[in-house]
Amino acid sequence: MAESPDNEKTTSLLDFLAEEHCKFRCVLEALEADMAQSEELARLRIRDRLFLLLPVLDRHEELEVLIFERSPFAGMEGSRDLIDQTRAQHRDIACLRADILGALEFDDDCPFPVLSDLTKVLIDSLRWHLDSEENTLWPHYRACVSRSLDQTLTSQLHRDIEIIEEDLTRGAVSLHDGRY
Ligand SMILES: [Fe+2]
Ligand SMILES: [Fe+2]
């Protein structure tokens, strides 16, 4: 059931996703700074940072599935290809995550260049993915989702959004709490 677009639209769900993307980009920058530290310190910081980032990233993707794949947006003209593209990117990132979590599990046994290379690939892939969503999926959502549907989805997903906001706030605090 697709709704016809209104002339006047709000993009409250996209505003929320944009805030999250902004916070993810801050974490990616922090990871790059971590990698410039001595190996011992870098390993510690990357580990803490990724243990913070990866679960929040999971919830962000779950929310994207609800917004784009399990809503009327999925049935709108032109949505399917963009959804498939995004899903493929999520799959690639999930593989990388598994590799990194495997490396972190072995901690000191994992050679630092391996952890560092995996982290660099994750940073590049995530940046590319964030840009891709912002430049393809979001404009399509803006163009075809009506204000009323956006508002309905926002209220349906209210609790999911609150949980992610709490996680991100905790994450932002631990990024700036002086530990580093
Ligand atoms: Fe995504
Ligand atoms: Fe996203």
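**Walking through the model**

Mentor: Starting from the N terminus, the elements of the protein follow the order α-α-α-α-α-α, where helices are DSSP runs of H or I with at least four residues and strands are runs of E with at least two, numbered from the N terminus. This is a predicted model, in which local features need pLDDT of at least 70 and side-chain atom pairs count only at pLDDT 80 or more, while totals for chains, interfaces and linings use all residues. Residues are numbered from 1 along each chain as its sequence is written, and chains are lettered from A and ligands numbered from 1 in the order in which they are written.

Trainee: What is the mean pLDDT of the protein?
Mentor: The mean is 85, with 86% of the residues at 70 or more; pLDDT is the predictor's confidence in each residue, from 0 to 100.

Trainee: And where is confidence lowest, and where highest?
Mentor: Confidence is lowest in helix 6 (residues 158–175), with a mean of 69, and highest in helix 4 (residues 112–144), with 95. Over residues 175–180 the pLDDT is below 50, and beyond near neighbours in sequence that stretch has three contacts in the model, a contact being two residues whose C-beta atoms, placed from the backbone, lie within 7 Å.

Trainee: Switching topic, how do helix 2 and helix 3 cross?
Mentor: The axes of helix 2 (39–69) and helix 3 (residues 79–106) come within 11 Å and cross at roughly 160°, the axes being lines fitted to C-alpha atoms over the stretch in contact, with angles from 0 to 180 degrees between N-to-C directions. The two helices are therefore roughly antiparallel, a label for angles over 145 degrees.

Trainee: Which residues meet there?
Mentor: Among them are Arg47, Leu50 and Leu54 in helix 2, and Ile83, Thr86 and His90 in helix 3.

Trainee: Now helix 5, which residues are buried there?
Mentor: In helix 5 (residues 147–156), Leu149, Asp150 and Leu153 are buried, meaning that 20 or more other C-beta atoms lie within 10 Å of their own, whereas 12 or fewer counts as exposed and anything in between as partly exposed, with C-beta atoms placed from the backbone. Seen down the helix axis, these buried residues fall within an arc of 100°, so they line one face of helix 5; the arc is that of the directions from the axis to the C-beta atoms.

Trainee: What do they pack against?
Mentor: The buried residues of helix 5 pack against helix 1 (12–35) and helix 2, while Ser148 and Ser155 on the other side of helix 5 are exposed.

Trainee: Last one, is Lys23 buried or exposed?
Mentor: Lys23, which lies in helix 1, is buried, because 20 other C-beta atoms are within 10 Å.

Definitions and conventions:
Parallel < 35°, antiparallel > 145°, perpendicular 65-115°, else oblique.
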